[in-house]
Amino acid sequence: MPQVFTHDFDSPQYKGKSSFSTGLFINGQFVDGVDGTYIDVINPATGKPITRISEATSKDVDLAVDAAEKAFNTTWGVHAPAAQRGALLYKLADLIEKNKEELAALEALDNGKTFAWAMAGDLPLCIETIRYYAGWADKIQGRTIETSDAKLTYTRHEPIGVVGQIIPWNFPLLMLTWKIGPALATGNSIVLKPSEFTPLTAIRICSLVNEAGFPPGVFNVVTGYGSTAGAAISEHARIDKVAFTGSTLVGRKIMEAAAKTNLKKVTLELGGKSPNIVYDDADLDQAVKWSAHGIFFNHGQCCCAGSRIFVQSGIYDEFLAKFTERAKAIKIGDPFASGVDQGPQVSQIQYDRILGYIDSGKTEGATVHLGGEPVGGDGYFIKPTIFTDTKPDMKIAREEIFGPVGVVIKFEDEEDVIHQANDTMYGLAAAVFTKDINKALDTAHRVKAGTVWVNCYNQFHASVPFGGYKQSGIGRELGEYALDKCVLSFPLSKRRIEDTDVSCVVIRTSKLFMLISSIACKTKRVYWECKI
């Protein structure tokens with residue numbers, strides 16, 4: 001039997017008890033892993049174990065795929081009416097909302113983000129996302145296409161099948177909802193692997209999925225390491241699509257695995273080194289506020305973090321002074337304490353990685369303007385860090401650090417900053433601060449980034465697509481655009497003929513479909529349903 005995790009939260013911001021199984025979730029049940037091994041989950045605020053969870057291997061992924069495939073072929077996919085799928089998603093959103101404080105507390109416990117931020121930012125968008133896609137479930141439609149008067153031609157959208165999903169540790173529950181919302185709305189079944197660092201909310205959601213009434217096997221969670229469980233999902237011949245959020249390095253490995261096996265569809269939301277451009281005419285106080293949010297939000301552990309802050313020469317000194325004071329005011333400490341802005345980094349590995357980048361910046365000659373060191377004591381706490389006097393070829397100016405480390409760079413004019421902003425292999429996000437709307441839009445159009453914010457930063461909505469250019473990914477999350485990657489579209493053409501002879505030309509891209517066919521008769525038109 002899987003172990004049960006129980007934790008009593010007792011802080012000024014939240015008092016409550018959480019208790020749930022820590023097994024794998026396969027076919028609607030919590031089970032032990034086939035090999036009977038476990039993974040320790042660490043509290044990043046203390047460096048001490050919280051609990052241990054069952055470890056999934058490739059054998060467990062096989063079992064999860066079996067369950068997902070069976071559900072897709074019997075109780076889900078085209079066998080579950082769209083209105084039913086939408087109703088179940090609405091129920092799940094209601095249950096997440098009902099349990100939002102517990103879920104926010106679990107996020108703070110194993111991720112280290114502050115409980116206040118989880119409640120104010122993560123959970124509202126999680127709920128919004130599931131409700132948004134619940135509304136889409138019965139609005140996924142094909143089109144009729146005009147070819148000739150003698151033919152009826154239309155397209156039909158169908159679920160892909162079994163979808164593998166691998167989510168990161170920086171926004172555990174939020175990334176889960178971004179992935180499962182469109183996949184479930186369109187009728188796919190899921191095998192999901194959360195990060196081994198932050199699995200608690202994904203495991204807790206499993207009970208809510210059951211409570212909402214989803215058929216067994218529709219949603220499966222395998223907690224394991226990327227090199228084993230993640231690799232098994234990427235390589236699996238019966239997984240029809242894999243969706244991944246994480247580093248560009250791992251994204252390449254997933255694409256390679258997909259290519260070498262069954263050429264499964266792949267969507268990737270990868271890394272970034274996003275430029276944040278502040279022109280001379282910007283509202284300085286607003287630019288400082290949003291720039292601090294852009295880099296230090298979520299402890300800098302954000303794929304779209306505005307880590308390269310370009311400031312025009314006319315306001316550079318004043319901006320830097322105010323930005324420094326803003327960074328100094330960030331309160332670091334216990335994620336559950338009142339008034340804390342920044343908790344610990346997620347793990348010892350990430351803590352060491354960030355400090356390694358800070359050391360490289362010092363070694364290569366950049367100036368540590370602020371911070372540049374750990375806080376000290378227990379846990380993985382690092383001070384907000386600002387570098388100046390950087391050069392374009394420095395690691396801290398080119399590589400994704402994924403921590404509270406920003407570089408402030410002076411520029412002269414628009415041509416200069418566009419060149420510097422685009423001098424990167426990434427293209428996930430960018431921001432522009434100016435009072436000149438023409439300049440803002442011109443810059444936004446010229447910067448090669450999937451998302452550009454104007455006079456703000458890190459603003460997300462369930463209805464607005466998000467994704468990258470260049471090596472920041474393939475495909476889009478959120479909005480109607482995310483649905484396109486969760487369905488297969490195929491055209492069907494039927495020619496008009498006399499009497500009751502029926503002739504259909506079908507171009508297949510999926511396993512099963514229902515065809516509504518018309519028969520052209522001399523005296524009347526009859527419609528019937530045919531199974532092909």
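Aspartate 413 is partly exposed, with a relative accessible area of 39%. This aspartate belongs to the loop that runs between strand 17 and helix 13 (414–422). Aspartate 413 and glycine 135 are 278 residues apart along the chain, and their C-alpha atoms are separated by 45 Å. Please keep in mind, as you look around, that this is a predicted model.

**The protein as a whole**

- The protein contains 15 helices and 24 strands.
- For 532 residues, a compact globule would have a radius of gyration near 24 Å, and the 25 Å found for this protein agrees with that.
- The C-alpha trace spans about 85 × 60 × 40 Å along the principal axes of the protein.
- Of the 532 residues, 57% count as buried.
- The protein exposes about 21500 Å², and carbon and sulfur atoms supply 51% of that area.
- If you take the contacts between residues at least 6 apart in sequence, 70% of them join residues at least 24 apart.
- The protein has 56 positive and 61 negative charges, and the mean positions of these two sets are 6 Å apart.

- An unreviewed UniProt entry carries the annotation "domain: Aldehyde dehydrogenase" for residues 31–486.

**A closer look at glutamate 269**

- You can find glutamate 269 in strand 12, which covers residues 265–269.
- Glutamate 269 has a relative accessible area of 3%, so it counts as buried, the cut-off being under 20%.
- Leaving aside neighbours within four places in sequence, the residues in contact with glutamate 269 include Met175, Cys303, Leu428 and Glu477.
- Phe244, Thr245 and Gly246 are also among the contacts of glutamate 269, as are Phe466 and Ser472.

- Most residues other than glycine have a negative phi.
- Aspartate 389 has a phi near 55°, a positive value in a residue other than glycine.
- Aspartate 389 sits in the loop between strand 16 (385–388) and helix 12 (395–398).
- With a relative accessible area of 51%, aspartate 389 is exposed.
- Phenylalanine 402 is not a glycine either, yet its phi is positive at about 60°.
- The loop that holds phenylalanine 402 lies between helix 12 and strand 17 (405–411).
- Phenylalanine 402 counts as buried, at 14% relative accessibility.

**Phenylalanine 387, in strand 16**

- Phenylalanine 387 lies in strand 16, and its relative accessible area of 0% makes it a buried residue.
- Phenylalanine 387 and isoleucine 409 are 22 residues apart in sequence, while the distance from C-alpha to C-alpha is 8.9 Å.
- Not counting residues up to four places away in sequence, phenylalanine 387 touches Val405, Gly406, Val407 and Val408, among others.
- Other residues that phenylalanine 387 touches include Ile358, Gly361, Lys362, Ala366, Thr367, Val368, His369 and Ile396.

**Leucine 24, in strand 3**

- Strand 3 (residues 24–26) is the place of leucine 24.
- Leucine 24 is buried, and its relative accessible area is 0%.
- Leucine 24 and proline 2 are 22 residues apart along the chain, and 8.1 Å separates their C-alpha atoms.
- Among the contacts of leucine 24, once neighbours within four places in sequence are left aside, are Gln29, Phe30, Val31, Asp32 and Gly33.
- Further along the chain, the contacts of leucine 24 include Ser54, Glu55, Ala56 and Asp60, as well as Val221, Val222 and Thr223.

**Lysine 151, in strand 7**

- Lysine 151 lies in strand 7, which covers residues 151–159.
- The relative accessible area of lysine 151 is 44%, so this residue is partly exposed.
- Lysine 151 and glutamine 13 are 138 residues apart in sequence, and their C-alpha atoms are 65 Å apart in space.

Definitions and conventions: Residues numbered from 1 in each chain as written. Predicted model: local features only at pLDDT ≥ 70, side-chain atom pairs only at ≥ 80, totals over all residues. Heavy atoms only, no water. Helix = DSSP H or I, 4+ residues; strand = E, 2+ residues; numbered from the N terminus. Rg over C-alpha atoms; globule rule 2.2 N^0.38 Å. Buried < 20%, exposed > 50% of the residue type's maximum accessible area, 1.4 Å probe, protein only. Contact = heavy atoms within 4.5 Å. Areas by Shrake-Rupley, 256 points an atom, 1.4 Å probe, with all protein chains shown as cover. Lys, Arg positive; Asp, Glu negative; His and termini not counted. Charge placed at Lys NZ, Arg CZ, Asp CG, Glu CD. UniProt positions renumbered as here; feature names shortened; annotations may be inferred.
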